[in-house]
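This report describes one protein chain for a reader who is new to structural analysis. Please keep the sequence and the model in view while reading.

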Amino acid sequence: MREKFKYAGQTVKTKQGVGISSFGQDMSGQDFVIEDWWENVSGCSWMYAAGNPAALEYAIRHAKYGDNNNVSLFGNDVVYGKIGTFGHIFHVNELEIEL
């Protein structure tokens, strides 16, 4: 477990070019309410979250848009949160935040 993410509980914007959700929504420039680091929410790395819809969507988005926003596929600097009512995972480089 990691220390709680400093933006947990806050609404931030996603960067342009972050990709399309699994149900066809362009997620660029959307309000994203951060819950916490993914591993704090799930108890494991996103890479080991077999069958989890948010983790699957993140992997697919990375395969299509991974070079965008300097996102490292094999990193765990990812946070879980929601756009509207749907949960998503974003790498911290995909968010409009100061690190």
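Where is the place of Phe74? Phe74 is found in the loop between H2 and E3. Helices (H or I, at least four residues) and strands (E, at least two) are DSSP runs, numbered from the N terminus. The structure is a predicted model, in which local features need pLDDT of at least 70 and side-chain atom pairs count only at pLDDT 80 or more, while totals for chains, interfaces and linings use all residues. Residues are numbered from 1 along each chain as its sequence is written, and side-chain values use heavy atoms, with hydrogens and water left out.

**Surface**

Phe74 counts as exposed, at 67% relative accessibility. The classes are buried (under 20% relative accessible area), exposed (over 50%) and partly exposed in between, with a 1.4 Å probe and protein chains only. Together with Met47 and Tyr48, Phe74 makes a nonpolar surface patch of about 410 Å². Patches are made of residues with over 30% relative accessible area and no salt bridge; like charges are joined within 9 Å, and nonpolar side chains (Val, Leu, Ile, Met, Phe, Trp, Tyr) within 5 Å. The accessible areas come from the Shrake-Rupley method with a 1.4 Å probe, and for residues only the protein chains shown count as cover.

**The hairpin**

Strand E3 (residues 78-83) and strand E4 (residues 86-91) run antiparallel and are joined by 6 bridges. Two strands pair if DSSP finds at least two bridges between them. Ile83 has Phe86 in E4 as its bridge partner. E3 and E4 form a hairpin with 2 residues between them, and Gly84 in the turn has a positive phi of about 65°.

**Salt bridges**

A salt bridge is a side-chain nitrogen of Lys or Arg within 4 Å of a carboxyl oxygen of Asp or Glu. The whole structure holds 5 salt bridges. The table lists some of them.

| Pair | Closest N to O distance |
|---|---|
| Asp31 and Lys13 | 2.9 Å |
| Glu94 and Arg61 | 3.0 Å |

Lys4 lies in the segment before strand E1 (11-13) and Asp36 in strand E2 (residues 31-37), so the pair ties together parts that are 32 residues apart in sequence. Lys4 counts as exposed at 55% relative accessibility, whereas Asp36 counts as buried at 8%.

The salt bridge between Asp31 and Lys13 has its closest N and O atoms 2.9 Å apart. This pair links distant parts of the chain, with Asp31 in strand E2 and Lys13 in strand E1, 18 residues apart. Asp31 is partly exposed, with a relative accessible area of 42%, and Lys13 is partly exposed, with 40%.

In the salt bridge of Glu94 with Arg61, the closest N and O atoms are 3.0 Å apart. Glu94 is in the segment after E4 and Arg61 in helix H2 (residues 53-65), 33 residues apart. Are Glu94 and Arg61 buried or exposed? Both Glu94 and Arg61 are buried.

**The nonpolar cores**

In soluble globular proteins, nonpolar side chains tend to be buried together. A nonpolar core is a set of buried Ala, Val, Leu, Ile, Met, Phe, Trp, Tyr and Cys residues joined through side-chain atoms within 4.5 Å. The largest nonpolar core has 14 residues, and those with the most contacts inside it are Phe5, Phe32, Ile34, Val79, Phe90, Leu95 and Ile97. E2 and E3 each supply at least two residues of this core; the largest share, 3 residues, comes from E2.

Contact means heavy atoms within 4.5 Å. Leaving aside neighbours within four places in sequence, Phe32 is in contact with residues including Val12, Thr14, Val79, Ile83, Phe90 and Leu95. A second, separate core of 10 residues includes Trp46, Ala55, Tyr58 and Tyr80.

**Thr14 and Glu96**

Thr14 is in the loop between E1 and E2 and is buried, with a relative accessible area of 2%. Not counting residues up to four places away in sequence, Thr14 touches residues including Phe32, Phe90, Glu94, Leu95 and Glu96.

Glu96 is in the segment after E4 and is partly exposed, with a relative accessible area of 49%. Glu96 and Lys15 are 81 residues apart along the chain, yet their C-alpha atoms are separated by 5.9 Å. Not counting residues up to four places away in sequence, Glu96 touches Val12, Lys13, Thr14 and Lys15.
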